[in-house]
Amino acid sequence: MKIPSFNGRRQKKPKAAERKSKAYRKPIARWHPRAVQLLDLSITVGSVLLCLLLLPTRFPGTELLGIGPNWLLIWVVAWSVKRSVWEGAVAGIVLGLLQDAMTSPDPTHALTLGLVGLLTGLVQKQRFIQEDFISIALIVFIMAILAESIFGLQLSLTGDRKVEYIWAYYQRVALASAILSSLWAPIVYYPLNLWWQKRKAIEQ
């Protein structure tokens, strides 16, 4: 006795449903320009807020000598790589002011992150370094050491503490921050860069 097979019918239904869902899905390239701009703004602002929230957080594997990755610095590097020198500098200053609002305005992070954005844009404009994960990690490593050194210099100029203590502490901070930030840089850079490339392709 033959048992009727229902395989053919069952396979047809999902295919029909899949075709209907594909018909309702609209590629981003066909979206209204305002909707694309709103999505771009949401992703950009949302990623900045996420980096701000991650700054005081210490997850397992994201801490070395009590220091965590400099998430805002990673974001500034990711932003500045594809943009002009001044766009990078302005983004760095804005994010630095946001960090000052969370910590203390004196000494300021606006100077350090503004300089990071400016130098990253300058390096990429001259095409000294190609854009890949290793290059981005290297840029983040150098910029993290530079940023912590400038921040230590600001503390030294205030005169509240002994200079030798400040530099002994910030040597460790700079190295730990640079190592962790460079290791975690691709996690921030890859999705943002992927979206910004897509956004640029839509505009063109």
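**Cores, pockets and ring pairs in an all-helical model**

The largest nonpolar core has 32 residues, and among these Leu73, Trp75 and Val77 touch the most other members. The model is predicted: local features need pLDDT of at least 70, side-chain atom pairs count only at pLDDT 80 or more, and totals for chains, interfaces and linings use all residues. Residues are numbered from 1 along each chain as its sequence is written, and side-chain values use heavy atoms, with hydrogens and water left out.

A nonpolar core is a set of buried Ala, Val, Leu, Ile, Met, Phe, Trp, Tyr and Cys residues joined through side-chain atoms within 4.5 Å. Buried means under 20% relative accessible area, exposed means over 50%, and partly exposed lies in between (1.4 Å probe, protein chains only). Helix 3 gives the largest share, nine residues. Helices (H or I, at least four residues) and strands (E, at least two) are DSSP runs, numbered from the N terminus.

The protein has seven helices and zero strands. Its elements run α-α-α-α-α-α-α from the N terminus on. Of its 204 residues, 39% are buried. Contact means heavy atoms within 4.5 Å. Among contacts between residues at least 6 apart in sequence, 69% join residues at least 24 apart.

Helix 3 is largely enclosed by the rest of the structure, because ten of its ten residues are buried. These are Trp71, Leu72, Leu73, Ile74, Trp75, Val76, Val77, Ala78, Trp79 and Ser80. In soluble globular proteins, nonpolar side chains tend to be buried together. Leucine 73 touches Leu113, Val116, Val140, Met143, Ala144 and Ala147, leaving aside residues up to four places away in sequence. A second, separate core has seven residues, including Phe151, Leu155, Tyr170 and Val173.

Ring pairs were examined next. Rings of Phe, Tyr and Trp (its six-membered ring) pair if their centres lie within 6.5 Å; planes under 30 degrees apart count as stacked, over 60 as edge-to-face and the rest as tilted. The count comes to four aromatic pairs by this rule. Tryptophan 71 and tryptophan 184 have ring centres 5.9 Å apart and planes at 65 degrees, so this pair is edge-to-face. The pair links distant parts of the chain, with tryptophan 71 in helix 3 and tryptophan 184 in helix 7, 113 residues apart. Tryptophan 71 counts as buried, at 6% relative accessibility. Tryptophan 184 has a relative accessible area of 24%, so it is partly exposed.

Tryptophan 75 and tryptophan 79 form a stacked pair, because their ring centres are 5.4 Å apart and their planes lie at 15 degrees. These two are four residues apart in helix 3, so about one helical turn separates them. An α-helix has 3.6 residues a turn, so residues three or four places apart point the same way. Both tryptophan 75 and tryptophan 79 are buried. Ring pairs join Trp75, Trp79 and Trp196 into a cluster.

Pockets were then located. On a 1 Å grid over the protein atoms alone, a pocket is an open set of points where a 1.4 Å probe fits, with protein on both sides within 12 Å along at least five of seven lines; lining residues have an atom within 4 Å of a point. Grid points are joined across faces, edges and corners, and a volume is the space filled by probe spheres set on the points. The largest pocket holds about 670 Å³ of space. Its lining has 30 residues, of which Gln99, Thr103, His109, Glu148 and Phe151 lie nearest the centre. Helix 4, helix 5, helix 6 and helix 7 each give two or more residues to this lining. By class, the lining has 15 nonpolar, ten polar and five charged residues. Here Ala, Val, Leu, Ile, Met, Phe, Trp, Tyr, Cys and Pro count as nonpolar, Asp, Glu, Lys and Arg as charged, and the others, Gly among them, as polar.

The second largest pocket holds about 280 Å³ of space. Of its 17 lining residues, Thr44, Val45, Val48, Trp75 and Trp79 are the closest to its centre. Helix 2, helix 3 and helix 4 each supply at least two residues of this lining. The largest share, seven residues, comes from helix 2. The lining of the second largest pocket divides into 13 nonpolar, one polar and three charged residues.
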